[in-house]
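Here is a colleague's note on a structure, written for someone new to reading one. Please keep the view open and find each residue as it is named.

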Amino acid sequence: MAERTAPIRVLIAKPGLDGHDRGAKVLARGLRDEGFEVIYTGIRRTTEAIIAAAIEEDVDVVGCSILSGAHATLLPKVVAGLRDAGAADVLVVAGGIIPEEDRAGLQAAGIAAIFGPGSTIAEIATYLRAHVRSN
Amino acid sequence: MSEVTDQHGAALRTTRELAQAISSVERGGPAADALIQTALTRLASERSQNAVVIGVTGAPGAGKSTLVGALAERARAAGRRVAILAVDPSSVQSGGALLGDRVRVEERPGDEGRFVRSIATRGSGRSLSHTAAAASLLVEAAGFDLVFIETVGAGQADLGIVRLADLVLLVEGPEGGDEVQAMKAGLLESAHLVVVNKSDRPGADRAVERLRSGLALGHDAPEVLLASAVDGSGVAELLTALEGLAVTRSGGGLQRRIAAHLAAAVEARAALRLRDAESDGRLAALAQSIATGERPLSGAVDELLKG
């Protein structure tokens with residue numbers, strides 16, 4: 001029988017208080033069309049809720065869309081929470097408005113990639129396929 | 001969470017282990033078979049802890065997710081361990097899926113007595129994924145005693161849920177359910193309970209009347225209730241009615257669910273073999289052999305199923 005690989009599962013989350021979810025929805029829809037299983041969790045989620053959802057859904061990737069400027073606080077908490085839950089192999093990526101000077105710090109905190117406003121769906125999909133754990 | 005361990009050392013002790021077990025049965029293969037076997041052994045040894053499995057279906061936009069979320073909140077507050085399995089379709093074109101039911105469910109991080117999982121149908125070609133049957137057994141083996149399986153709102157064609165659940169709840173919106181629809185064969189006649197959701201909106205009372213009058217012409221007409229997931233009215237009564245029906249229908253529930261799971265598993269495996277026959281050219285060769293008169297159609301079918 002031919003080898004069958006399961007679709008990559010991605011949680012798209014909006015941590016923090018900003019309610020602008022258009023970008024997150026466009027990404028969710030776009031990744032679906034690229035063959036990903038996308039779990040969309042809605043706006044204004046706490047990092048605890050995002051981590052719990054990522055564990056229950058057994059996702060390969062958590063993508064955080066953040067426009068509020070709170071990325072430096074919230075994103076490292078997501079990485080640390082997943083690690084504490086025994087899910088350090090989940091890839092955490094970020095999208096939204098994140099200033100250049102904050103990127104190095106976030107990457108040091110375990111954020112695998114940051115996709116700014118100019119990023120295309122195809123680019124993100126290619127990155128995820130290349131970097132997700134294989135199973 | 002209660003402990004289940006199989007010979008590979010996998011267990012269902014934690015939320016993470018349960019979640020990974022569901023991914024394993026989604027992928028299929030020997031590890032998945034072992035997990036299911038372990039769950040079945042576990043369930044056979046503790047009959048007293050059998051769960052109530054409620055299938056929830058209805059047209060898109062009827063408010064299934066929000067209503068299930070509200071029922072789950074109330075049941076959890078009453079001490080039940082509640083799992084929600086939300087099934088949504090995979091895209092036929094891309095194989096991907098957009099699973100959005102969590103948006104409508106309160107997240108309760110830290111509560112091990114709640115579990116929510118989104119399941120894509122993954123080309124099972126039916127509105128209810130065979131994975132849902134396996135996932136339902138896994139959450140039951142992990143100690144959840146109330147399981148909601150929420151299905152694609154495919155309406156009347158969505159009958160697979162009847163096999164997997166102890167009870168079927170049909171959710172209608174205030175604008176749905178005319179008398180003719182209520183009389184049509186399909187999901188409505190399989191529902192054990194019907195609820196008109198969004199009672200906070202105009203027209204809900206009339207929808208109840210339409211459904212009742214349509215259903216009254218049949219035998220064993222299900223009760224029609226009114227609720228609003230948004231303002232919470234009728235939700236407690238709905239949960240009480242569901243639990244009451246579960247009691248009167250109990251007995252053989254687990255055995256029936258296991259049989260339904262195994263039937264779905266066999267069917268899914270057979271469907272994979274048919275897909276293989278298509279991709280490796282055997283199907284085309286058989287079709288050719290019918291065209292040339294080498295085999296009759298029924299002979300070709302026998303040949304295909306043998307392979």
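This is a predicted model: local features need pLDDT of at least 70, side-chain atom pairs count only at pLDDT 80 or more; totals for chains, interfaces and linings use all residues.

1. Chain B in outline. Chain B has 307 residues, and 51% of them count as buried. Its secondary structure consists of 12 helices and 8 strands. Take the contacts in chain B between residues at least 6 apart in sequence: 74% of these join residues at least 24 apart.

2. Strand β5 of chain B. How many residues of β5(B) are buried? The count is 5 of 5, and the strand is described as mostly covered.

3. Strand β1 of chain B, residues 52-58, runs parallel to β5(B) and is joined to it by 5 bridges. β2(B) also runs parallel to β5(B), again with 5 bridges.

4. The largest nonpolar core. In soluble globular proteins, nonpolar side chains tend to be buried together. The largest nonpolar core here has 39 residues, and those with the most contacts inside it are L18(B), F115(B), L138(B), V139(B), V147(B) and I149(B). The elements of chain B that give two or more residues to this core are α1, α2 (30-45), β2 (82-88), β4, α4 (130-141), β5 (146-150), α5 (160-164) and α10 (253-279). Which helix gives the most to this core? That is α4(B), with 8 residues.

5. One core residue, and a second core. Leaving out residues up to four places away in sequence, F115(B) touches T15(B), L18(B), A19(B), I22(B), V82(B), A83(B), I84(B), V139(B) and F144(B), as well as E56(A) from the other chain. A second, separate core has 30 residues, among them L169(B), V195(B), V235(B) and L242(B).

6. Helix α2 of chain A. Is helix α2 of chain A, residues 47-57, enclosed or open? Of its 11 residues, 10 are buried, so the helix is largely enclosed by the rest of the structure. The buried ones are T47(A), A49(A), I50(A), I51(A), A52(A), A53(A), A54(A), I55(A), E56(A) and E57(A). Their cover comes from both chains: it includes β1 (9-13), β2 (37-40), β3 (61-66) and α3 (71-84) of chain A, together with α1 (15-27) and β4 (114-120) of chain B. Just after the helix, D58(A) has a positive phi of about 45°.

7. Strand β2 of chain A. This strand is covered on both faces, with E37(A) and I39(A) buried on one side and V38(A) and Y40(A) buried on the other. β1(A) and β2(A) run parallel and are joined by 4 bridges. Within this pairing, I12(A) stands opposite Y40(A).

8. A residue between the chains. L99(B) lies in strand β3 of chain B. Its relative accessibility is 0%, so L99(B) counts as buried. Apart from neighbours within four places in sequence, L99(B) is in contact with R9(A), V38(A), I39(A) and Y40(A), and also with D88(B), S118(B), I119(B) and A120(B). The C-alpha atoms of L99(B) and P89(B) are separated by 8.4 Å, and the two residues are 10 apart along the chain.

9. The second largest pocket. This pocket holds about 610 Å³ of space. Its lining has 30 residues, of which G61(B), S65(B), G100(B), D101(B) and R104(B) lie nearest the centre. The elements giving two or more residues to the lining are α1 (22-33) of chain A and α3 (64-77), β2 and β3 (97-99) of chain B. By class, the lining has 12 nonpolar, 8 polar and 10 charged residues.

10. The cavity. The structure holds 1 cavity of 30 Å³ or more. The largest cavity has a volume of about 40 Å³. I84(B), A86(B), D101(B), R102(B), V105(B), V116(B), S118(B) and E150(B) line it. β2 and β4 of chain B are the elements that give two or more residues to this lining. Its residues divide into 4 nonpolar, 1 polar and 3 charged.

How values were computed:
Residues are numbered from 1 along each chain as its sequence is written. Chains are lettered from A and ligands numbered from 1 in the order in which they are written. Side-chain values use heavy atoms; hydrogens and water are left out. Buried means under 20% relative accessible area, exposed over 50%, partly exposed in between (1.4 Å probe, protein chains only). Contact means heavy atoms within 4.5 Å. A nonpolar core is a set of buried Ala, Val, Leu, Ile, Met, Phe, Trp, Tyr and Cys residues joined through side-chain atoms within 4.5 Å. On a 1 Å grid over the protein atoms alone, a cavity is a set of points where a 1.4 Å probe fits but cannot get out, and a pocket is an open set with protein on both sides within 12 Å along at least five of seven lines; lining residues have an atom within 4 Å of a point. Grid points are joined across faces, edges and corners, and a volume is the space filled by probe spheres set on the points. Ala, Val, Leu, Ile, Met, Phe, Trp, Tyr, Cys and Pro count as nonpolar, Asp, Glu, Lys and Arg as charged, and the others, Gly among them, as polar. Two strands pair if DSSP finds at least two bridges between them.
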